[in-house]
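Have a look at the structure first, then read on.

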Amino acid sequence: MLKPFDVTSLTTQVGGIDITIESGKYARQASGAVTIKSGGTVILVTSTTQPIEVDRGFFPLTCNYQEMAYAAGRVPGNYFRREGRPSERETLISRLIDRPIRPLFAKGFADEVQIIATVLSADKHVNPDVLALTGASAATHISKMPFLGPIVGARVGYVDNQFVLFPSYKGMEELSSLNLIFAATREAMVMVEGGANFVSEDLVADALAWGHEQVKPLFDIQDELRSLVGVPKMEITAPIQDAELVSFLGEFISDDLRAAVTTPEKMVRYAAKDAAKQKAKQAVAEKFPEDAAKLKAVSDIVGDLTKKIVRERIVKEGLRIDGRDTTTVRALSIETGVLPMTHGSCLFRRGETSALAVATLGSTRDEQRYDSLLGDATKRFMLHYNFPPYCVGEARMLRGTSRREVGHGALAERAIAPVLPNQDEFPFTIRVVSEIMESNGSSSMASVCGATLSLMDAGVPISAPVAGIAMGLCKENEQFFVLTDILGDEDALGDMDFKVAGTRDGITSIQMDIKISGIPSDVLRKALYQAKDARVHILDHMAEVLAEPRAELSDLAPQMAIVHIDPEKIRSVIGPGGKNIKAITAETEADIDIEDSGKISIFAPTLASMEKAKAMVLYYDQKPEPGKDYLGTVRKVLEVGALVEILPGQEGMLHVSQLDIERVERVEDVVQLGQEVWVTCIALEPGGRIRLSRKAWLMKQAGQEVDIDEFKRPAPRSGDRDGARRDDRGRGPRRDDRGGRDDRGGDRGGRGRR
């Protein structure tokens, strides 16, 4: 019998909830493995490394987050009934783990690393995403990998004017005006991600400072876990540059690099940098013909020299690559309505970054439907971001949506969602696609601006325009320089990528990644306010082009109407096997959504088809009116009359005495089964019975005046024995309760039925 596992478990309380990190029970052959638990939520996080023979030129880290359906007691809803490709949520959380973890591996460590976070159990209160981030830190912290952690992931909400740590799903969705996720070391923030409902810059800064203070116990238990079960760290020797080569290239190539990195145009600058690098390689090959290592090191040294020149210019001259100061936004160009056959479009350009945003409106049937740990869910607003290779002058294979594209689309989507009208006011499904035409920094924020204007161009009644800007940072010694509207090179050579989007009234979306150990809170606050100035500047330019949403939807957009019918008539609208509703949609090309309350939403491609679909739906909701004429169909022929369907699912009795102006002996002499016949409704009786008259209709056609009251009781038929009349349901002569005929004549028969 196997002996029990030697399990180490540590628990702490943070933000009013218990969090347990445990090691030694699962995935024992991974380099590091933990489970992190809170409530009924359990996540297994493994961190594994293995050496690679070939230097790939980048750090080969892969982070994967996966939610297993069994964790919530569900079976996957797809055709194969098993977990498939990662969902958008899983992709975003994978990025959430990768972004703060990646910079914290020691420089020079190049082995392959894979981190996998698997949700094994999930309750409806504890969101596993930020727990998985902390678990990734803990699993890597106890391993042999040279990880400069630990870090902690947490979420901060804002409910009833108070900050809340690790809010529940319900509290987050229904109560909180802030959804801020952060990752931090003991010293500072290293990653921020989140959305908000128009909160101030000060509130965001205060939330981060408060949350950082609250999560300190999670650093302590990770360090304690490492002291109990951790293994010795690998010794990594940081690469040392060749001093002789650095000196040679610094003298030989600096002027060429300085000229290159002060060239405003991106592609010209790149060409100049490549020419300088090739010149350096050629010089090194000639000077050191037998030393292959020196030639290989040229690219890294040239990169370091480029970074030094760019940053020195910012520090000493306050000037950037394209000659701007630290607070200026690049020149803007905005056009709306650029695509004639779309519902709304905008080409938004900021410097050499350009986004073509296209808005499309659809019916509720176009909503995205997906599985989640909380059950089946729908999404009525989607913003998709595409980054084709031509936007950066490359030619490469198109291999589907990348993680980066998913992440940038989600960031822009989160920025715009708070200003959209609610579904009751505007029941359309909304999709915006941002196609990046050119990219030289912050294409995601250009997508926010372009998407806003494309929605306004389509006539979507958003509450306020939204704009976004990307901020950068240059830290030299103890000096911090915040840069507004960074270029792609400034992102690569700088210390921070800080994206902020919002309206004039406040922030709606935020994302920050830091490449240094952290930034002081006062620098973060300065960056937020500098971003606000830039955001307002862009909003002013947007307002000059389109100040508010167009008053009417695009003529090409779906037309929408809402009608209310008697819930009892829903069955008639749908028809047997959906026959009627299918006929309506086939004839009008409309999408029709029916609710149990009797509310019917009609989405049609044109106004004419919408009106036709509306009339066809309301046809099934008609109620017979006394005195009104109807063209009905004979559904049943009886001895005393005929049942005629005058409205869908509604039949009335056409008594033999009402078949014609003249006396009728046999019903079949006037009407046949399936025949169409004009009748007048003469009475609606209690219980819903309808009485009809063809005689009254014929009198109208002859120009005679008709008094409906005279037709409410059919006249006795001559030929009925003893003058007895038949009731309007064709049951024959009426009898009293003793079995004999009624008191209007005739002898009484036997006992009859009581």
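## Domains and confidence

The C-alpha centres of domain 1 and domain 4 sit 47 Å apart. Those two belong to a set running domain 1 (8-229), domain 2 (243-317), domain 3 (332-545), domain 4 (559-619) and domain 5 (628-709), with bounds taken from an automatic or database domain assignment.

This is a predicted model, where local features need pLDDT of at least 70, side-chain atom pairs count only at pLDDT 80 or more, and totals for chains, interfaces and linings use all residues. Residues are numbered from 1 along each chain as its sequence is written, and side-chain values use heavy atoms, with hydrogens and water left out. The chain averages a pLDDT of 89, and 94% of the residues score at least 70; pLDDT is the predictor's confidence in each residue, from 0 to 100. Over residues 715-754, though, pLDDT is below 50, and that stretch has 60 contacts in the model beyond near neighbours in sequence. A contact here means heavy atoms within 4.5 Å. Where pLDDT is low, the predicted coordinates should not be read in detail.

## The second largest pocket

A pocket is an open set of points on a 1 Å grid over the protein atoms alone, with protein on both sides within 12 Å along at least five of seven lines; a cavity is a set of points where a 1.4 Å probe fits but cannot get out; and lining residues have an atom within 4 Å of a point. Grid points are joined across faces, edges and corners, and a volume is the space filled by probe spheres set on the points.

The second largest pocket holds about 1600 Å³ of space. Its lining takes in 37 residues, and G57, K107, P239, D300 and D304 lie nearest the centre. Sorted by class, that lining has 16 nonpolar, seven polar and 14 charged residues. (Nonpolar covers Ala, Val, Leu, Ile, Met, Phe, Trp, Tyr, Cys and Pro; charged covers Asp, Glu, Lys and Arg; the others, Gly among them, are polar.) Helix 7 (266-287), helix 8 (292-317) and helix 11 (488-493) each put at least two residues into the lining, and helix 8 gives the largest share, ten residues. Helices (H or I, at least four residues) and strands (E, at least two) are DSSP runs, numbered from the N terminus.

## The largest cavity

By the cavity rule, the count is four cavities of 30 Å³ or more. The largest cavity has a volume of about 50 Å³. Around it you will find V310, R311, I314, L473, C474, L483, D489, E490, L493 and G494. Helix 8, strand 18 (467-476) and helix 11 are the elements giving two or more residues to this lining.

Domain 2 and domain 3 each contribute at least three residues to the lining of the largest cavity. By class, the lining comes to six nonpolar, one polar and three charged residues.

P150 lies in the loop between helix 2 (128-141) and strand 7 (152-159).

F198 isn't a glycine, yet its phi is positive, near 60 degrees. F198 belongs to strand 10 (residues 189-199) and is partly exposed, because its relative accessible area is 29%; buried means under 20%, exposed over 50%, and partly exposed in between (1.4 Å probe, protein chains only). E589 is another non-glycine with a positive phi, about 60 degrees. E589 is in the loop between helix 14 (579-588) and strand 23 (591-594), and its 61% relative accessibility makes it exposed.

## Residues worth a click

Start with T8, in strand 1 (residues 8-14). T8 has 16% relative accessibility, so it counts as buried. Leaving out residues up to four places away in sequence, T8 touches I21, E22, S23, L225, L228 and V229.

K532 is in helix 12 (residues 521-545) and counts as partly exposed at 27% relative accessibility. With the residues up to four places away in sequence set aside, K532 touches E201 and R504.

R663 sits in the loop between strand 27 (650-655) and strand 28 (676-684). At 52% relative accessibility, R663 is exposed. The C-alpha atoms of R663 and I116 are separated by 89 Å, and the two residues are 547 apart along the chain.
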